[in-house]
Amino acid sequence: MSRVLIIEDEIKLRNQLKIFLENNDFEVKILDDYDDITNFINNEDIDIILLDIVLPGMDGMSMCKKIRKVSDIPIIMVTSKNNQIDELISINYGADDFITKPYNPQILLARIQRLLKRTNTFVKTIHYKNMKLDINKSSILCNDIVIDLSKNEIRCLYYLLKNRGKIVSRDELINYLWDECSFIDDNTLTVNITRVRNKLSLIGLNNVIITKKNQGYIIL
């Protein structure tokens, strides 16, 4: 299930949009406090952002620029003005798409799905507590300490973090890590989990991956 963050100060509109997206199998988060957007992005697992241009306190274009300093999350800018200048500035500030109110919800949905498909919902970085997982560099960073992970270690940690708060079964994890899961010894997964736990402990993150007996693993 993809996670959408709505940054919109029109309460009626955002509530309607929230219901519409939830009915189309999205998990929706609403942001009311715009002052600490970077901290929110660093600590929440978001796949795409719908960002209104006109906001109290900070305009959406400035917020887009601020988000881009810490994240590559896809951003769709939303505006009530059919203004090419706003569209150009938004794109220059790092937005991925632009839509004008009033919009057809089905068209917005198609744009969201297209953007998620294009980015493959596989973000380059994930933040957890004070740790950053960097997909491109296959490493984790915490307090200026960098720990390299193997291909399977980074994929294992990535998948558990993307499903944070949810129990991931061993079979599900094996299917994600290895295409031909029938040829994988169950112990191979245990070895990889142990290695990830050991590397997390090197940066002071202990007991991050919790084992649920007869169920699988979870990160809270």
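Colleague: To start with the rings, how many aromatic pairs does the count come to?
Modeller: The count comes to one aromatic pair. Keep in mind that this is a predicted model. The pair is made by tyrosine 159 and tyrosine 176, and it is stacked, with 4.3 Å centre to centre and 25° between the planes.
Colleague: Which parts of the chain does the pair link?
Modeller: Tyrosine 159 is in helix α6 and tyrosine 176 is in helix α7, 17 residues apart, so the pair links distant parts of the chain.
Colleague: Is tyrosine 159 buried or exposed?
Modeller: Tyrosine 159 counts as buried because its relative accessibility is 16%, and the cut-off for buried is under 20%.
Colleague: Staying with α7, which of its residues are buried?
Modeller: In α7, which covers residues 170-177, the buried ones are Leu173, Ile174 and Leu177. They are on the same side of α7 because they cover an arc of only 100° around the axis.
Colleague: Why would residues like that point the same way?
Modeller: An α-helix has 3.6 residues a turn, so residues three or four places apart point the same way.
Colleague: And what do the buried residues of α7 pack against?
Modeller: They pack against α6 (151-162), α8 (186-201) and β11 (216-219).
Colleague: Let's look at α6 then. Where is glutamate 153, and is it buried or exposed?
Modeller: Glutamate 153 is in helix α6. With a relative accessibility of 4%, glutamate 153 counts as buried.
Colleague: What does its side chain make a polar contact with?
Modeller: The partner is the side chain of lysine 199, at 2.7 Å. Leaving aside neighbours within four places in sequence, the residues in contact with glutamate 153 are Asp148, Asn192, Arg195, Val196 and Lys199.
Colleague: Nice. Changing topic: what is the order of the sheet with four strands?
Modeller: That open sheet has the order β6-β7-β8-β9, with antiparallel pairing. β6 and β9 (145-148) are at the edges with a single partner strand each, so one side of each has no neighbour in the sheet. From one strand to the next, the twist averages 20°.
Colleague: How many bridges are there between β7 and β8?
Modeller: Four bridges, in the antiparallel sense, between β7 (residues 131-134) and β8 (residues 139-142). Within that pairing, leucine 133 stands opposite isoleucine 140 in β8. Helix α6 comes back here too: it packs on the sheet and touches β6, β7, β8 and β9, with a direction at about 120° to that of β7.
Colleague: What about isoleucine 126, which strand is it in?
Modeller: Isoleucine 126 lies in strand β6, residues 125-128. It is at 7% relative accessibility, so isoleucine 126 counts as buried. Apart from neighbours within four places in sequence, isoleucine 126 is in contact with residues including Leu133, Tyr158 and Leu161.
Colleague: And the sheet of five strands, what is its order?
Modeller: It runs β2-β1-β3-β4-β5, an open sheet with parallel pairing. β2 (27-30) and β5 (97-100) are the edge strands, each pairing on one side only. Inside the sheet, β1 (residues 3-7) pairs with β3 (residues 48-52) in the parallel sense over four bridges. Isoleucine 6 has leucine 50 in β3 as its bridge partner.
Colleague: Which helix lies across β1, β3 and β4?
Modeller: That is α3 (residues 60-68), and it runs at about 170° to β4 (75-79).
Colleague: What is the phi of asparagine 143?
Modeller: It is positive, about 50°, although asparagine 143 is not a glycine. Asparagine 143 is in the loop between β8 and β9 and counts as exposed, at 58% relative accessibility.
Colleague: And asparagine 207, where is that found?
Modeller: Asparagine 207 is in the loop between α8 and β10. Its phi is positive too, near 55°, and asparagine 207 counts as exposed at 72% relative accessibility.
Colleague: Thanks, that helps a lot!

Conventions. Residues are numbered from 1 along each chain as its sequence is written. This is a predicted model: local features need pLDDT of at least 70, side-chain atom pairs count only at pLDDT 80 or more; totals for chains, interfaces and linings use all residues. Side-chain values use heavy atoms; hydrogens and water are left out. Buried means under 20% relative accessible area, exposed over 50%, partly exposed in between (1.4 Å probe, protein chains only). Helices (H or I, at least four residues) and strands (E, at least two) are DSSP runs, numbered from the N terminus. The arc is that of the directions from the helix axis to the C-beta atoms. Contact means heavy atoms within 4.5 Å. A polar contact is a pair of N or O atoms within 3.5 Å; within protein, one must be able to donate a hydrogen and the other to accept it, and residues adjacent in sequence count only if both atoms are side-chain atoms. Two strands pair if DSSP finds at least two bridges between them. Axes are lines fitted to C-alpha atoms, for helices over the stretch in contact, and angles run from 0 to 180 degrees between N-to-C directions. Rings of Phe, Tyr and Trp (its six-membered ring) pair if their centres lie within 6.5 Å; planes under 30 degrees apart count as stacked, over 60 as edge-to-face and the rest as tilted.
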